[in-house]
Amino acid sequence: MKRLLILTHLLLLGCSGANDDAVIDFEVETPRPFGYVIGDEIPERIILETRPGVILNTASLPAKGPVNRWLNLNAMHIRQSGQRYEIDLRYQVFYAPLSVRTLTLPGFDLHFGSGDSAFSKPVPPWRFTMSPLRDLAVKGAESGATLRPDSPPPQLDTRQTLTLIVAGSGASLLAAATLGFLYGYFPALRRRTLFKQALKRLARLPEKDMASALHTVHDALNRLNRKPLYQHQLAGFYQAHPEYRRVDSQLNWFFNYSNHYFFSRNVSATALDREKLIALCKACRQIERGSR
């Protein structure tokens, strides 16, 4: 009998050592053990690694649903990579203590199998404290404490939103003004750039294309006058635009030259004529800008 007891004891020691060797890594990760109130969720993670050939029996894990009258297991996820397991449990507590109380997440056993043999590894219970949501009765001023009002909600930082609104509004106004200018809703502004545009067109024209150059200056004068302008109408033009009286001699030369060029025969344009035409356009541009 004594020899049988010794053999049984040695066998149990051998099995215990085999279990420890089969699970080479075992960790239980838990959050802070304090500061919980009714309805809070508590996560728990179990990380373990087994020897090759050792398999975790997932049926030994707790089932989702009520654990006891105040504890519920909301979710359970298992991730396996080779012989490494990560088990995530998420409990929810429904205990409403009247004062700070210490509670315990129940432990359980994980079962493993290796061939014909089986063994288990305990997951220890975990203790934590819960606090009441509020006192049972409102304390009076006599005790030195009163019911405090709710804390004001934090104010949102609206600086970035305001910056975006201002930037978007500015861009919209700029786009609207540009479209209005292009569609002719600001004729006064456009008339201040008539000779500027004419000078750009003259610079792009070939030197020998005097007809297009004359048409360009005529077009600028007509748009400034808001109707076709002829030489005999210059007096009325000066009444509406007295600042252009300063280039009266150049304007008269321009109309005379244009009449001879378009209505006389054998009139050839020279480089000097083109220079005079550009000089007239530049003088009108200076008046247009207000610098003359």
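This is a predicted model: local features need pLDDT of at least 70, side-chain atom pairs count only at pLDDT 80 or more; totals for chains, interfaces and linings use all residues.
A nonpolar core is a set of buried Ala, Val, Leu, Ile, Met, Phe, Trp, Tyr and Cys residues joined through side-chain atoms within 4.5 Å.

**Stop 1: the largest core.** Select Ile46, Phe108, Leu110, Phe112 and Phe128. The largest nonpolar core has 28 residues, and these five touch the most other members. Next, colour the strands. Two or more core residues come from each of S2 (41-50), S5 (71-81), S6 (84-93), S7 (101-105), S8 (108-114), S9 (117-123) and S10 (126-130). The most come from S6, which gives five residues to this core.

**Stop 2: Phe128.** Keep Phe128 selected and show its surroundings. Leaving aside residues up to four places away in sequence, Phe128 touches Pro33, Tyr36, Ile42, Trp70, Val93, Arg101, Thr102, Leu103, Thr104 and Leu105.

**Stop 3: the other core.** Now move to Leu194, Val217, Leu221 and Leu277. They are among the 27 residues of another core, which lies apart from the largest one.

**Stop 4: two helices.** Select helix H5 (residues 210-225) and helix H8 (residues 271-289). Their axes come within 11 Å and cross at roughly 20°. Angles under 35 degrees count as roughly parallel, so H5 is roughly parallel to H8. The crossing of the two helices is left-handed.

To see what makes the contact, show side chains on both helices. H5 contributes Met210, Ala213, Leu214 and Val217, while H8 contributes Asp273, Arg274, Leu277 and Leu280. Of these contact residues, six are nonpolar, two are charged and none is polar.

How values were computed. Residues are numbered from 1 along each chain as its sequence is written. Side-chain values use heavy atoms; hydrogens and water are left out. Buried means under 20% relative accessible area, exposed over 50%, partly exposed in between (1.4 Å probe, protein chains only). Helices (H or I, at least four residues) and strands (E, at least two) are DSSP runs, numbered from the N terminus. Contact means heavy atoms within 4.5 Å. Axes are lines fitted to C-alpha atoms, for helices over the stretch in contact, and angles run from 0 to 180 degrees between N-to-C directions. Angles under 35 degrees count as roughly parallel, over 145 as roughly antiparallel, 65 to 115 as roughly perpendicular and the rest as oblique. A crossing is left-handed if the near helix is turned anticlockwise from the far one by less than a right angle, and right-handed if clockwise. Ala, Val, Leu, Ile, Met, Phe, Trp, Tyr, Cys and Pro count as nonpolar, Asp, Glu, Lys and Arg as charged, and the others, Gly among them, as polar.
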